[in-house]
Amino acid sequence: MTALRLDDLRQHSDILRLRTGKSLTLRFVEPGDAEILQAYFRALSTRSRYNRFLGAIRELPQTLLGHFIHAGEDDRFSVIAVMTIDGIETVVGEARYGFEADTRRFEFGLSVDDRWQGQGIGSALLRNLECRAAALGAELVFGDTLRSNDVMIGLARKSGFAFAPTPGDWKLVRFEKHIDAAPQDIPCASWRLAAERIAHQAAI
Ligand SMILES: CC(C)(COP(=O)(O)OP(=O)(O)OC[C@H]1O[C@@H](n2cnc3c(N)ncnc32)[C@H](O)[C@@H]1OP(=O)(O)O)[C@@H](O)C(=O)NCCC(=O)NCCS
């Protein structure tokens with residue numbers, strides 16, 4: 001397990017700038033976010049939820065919600081993209097990723113609120129995830145999506161991912177990309193987090 005100090009989590013936030021000129025904050029999900037995260041998933045369209053979870057669910061089952069709100073548990077992390085709208089912090093997207101240190105593989109899934117799709121949030125989230133992957137030392141970034149999910153497939157193609165069959169499930173397609181960028185090229189919170197850890201290890 002990667003130990004993350006909960007009181008430090010807010011420090012590891014990124015500001016994502018969108019092509020529309022708007023910006024949003026990407027931060028780790030915390031235990032106090034259970035309600036807003038669940039409300040976000042409930043408010044997604046049936047189709048978006050189906051595409052995100054590769055099956056029909058109305059909300060996150062309690063056990064899964066428990067995993068989502070504990071950053072770093074089993075080396076898996078959930079992040080939410082938030083904007084302040086009329087003074088209220090509003091979740092407009094989320095992503096969950098896991099890093100397997102042995103194989104240096106970084107797996108992720110993401111979603112954007114239906115009302116905010118098509119404005120570049122998915123692309124910005126994906127770029128940030130690639131940076132986090134590089135920061136963790138990943139060699140391969142990948143995800144699986146339904147073969148019918150044209151938008152995710154279009155986003156992955158545009159972002160330079162290659163495609164392969166998902167082992168064991170013909171309904172899915174795997175998009176994957178080898179990481180060759182140095183994380184410094186695309187600054188992100190996880191890069192800073194990793195750099196701090198390296199500096200800390202060097203000092204002890
Ligand atoms: C997939 C998803 C995250 C994309 O987010 P988004 O914010 O709408 O993405 P963007 O606005 O950055 O668009 C990214 C690219 O997707 C592609 N795209 C968008 N709409 C498309 C469509 N109708 N058909 C094909 N490609 C499309 C385009 O390449 C677009 O790039 P462009 O705007 O430069 O042309 C979002 O649609 C979503 O949440 N879907 C439901 C959940 C899901 O499918 N998750 C993926 C499972 S891993």
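How do the residues of the shell around the ligand divide into nonpolar, polar and charged? They divide into six nonpolar, 14 polar and three charged. Here Ala, Val, Leu, Ile, Met, Phe, Trp, Tyr, Cys and Pro count as nonpolar, Asp, Glu, Lys and Arg as charged, and the others, Gly among them, as polar.

Before we go on, a word about the model. It is a predicted one, in which local features need pLDDT of at least 70, side-chain atom pairs count only at pLDDT 80 or more, and totals for chains, interfaces and linings use all residues. Residues are numbered from 1 along each chain as its sequence is written.

Let us start with the overall layout. The protein chain has six helices and eight strands. Helices (H or I, at least four residues) and strands (E, at least two) are DSSP runs, numbered from the N terminus. Starting at that end, the order of elements is β-β-α-α-α-β-β-β-α-β-α-β-β-α. Of the 204 residues in the protein chain, 33% count as buried. A residue is buried if 20 or more other C-beta atoms lie within 10 Å of its own, exposed if 12 or fewer, and partly exposed in between, with C-beta atoms placed from the backbone.

Now look inside. In soluble globular proteins, nonpolar side chains tend to be buried together. The largest nonpolar core here has 46 residues, and Val-29, Leu-37, Ala-81, Phe-106 and Leu-125 have the most contacts inside it. Such a core is a set of buried Ala, Val, Leu, Ile, Met, Phe, Trp, Tyr and Cys residues joined through C-beta atoms within 7 Å. Helix α4 (residues 121-136) gives the most to this core, with ten residues. In α4, 14 of the 16 residues are buried.

Apart from neighbours within four places in sequence, Phe-106 is in contact with residues including Tyr-97, Ala-133 and Val-141. Two residues are in contact if their C-beta atoms, placed from the backbone, lie within 7 Å.

Back to the ligand. It is surrounded by 23 residues, the closest being Asn-51, Gln-117, Gly-122, Ser-123 and Gly-154.

Next, the strands. Strand β2 (residues 23-28) pairs with strand β3 (residues 76-85) in the antiparallel sense over four bridges; strands pair if DSSP finds at least two bridges between them. Thr-25 stands opposite Val-82 in β3. Strand β3 is also joined to β4 (residues 88-100), again antiparallel, by ten bridges. In β4, Gly-98 is the bridge partner of Arg-76.

Between β3 and β4 there are two residues, and the strands form a hairpin. Asp-86 is exposed because 5 other C-beta atoms lie within 10 Å. Asp-75 also has a positive phi, near 55°, and sits in the loop between α3 (62-68) and β3. Asp-75 counts as partly exposed because it has 13 C-beta neighbours inside 10 Å.

Finally, find Ala-164 in strand β7 (residues 162-165). Ala-164 counts as exposed because it has 12 C-beta neighbours inside 10 Å. Not counting residues up to four places away in sequence, Ala-164 touches Arg-174 and Glu-176.

Terms used
A residue is near a molecule or strand if its C-beta atom, placed from the backbone, lies within 6 Å of it.
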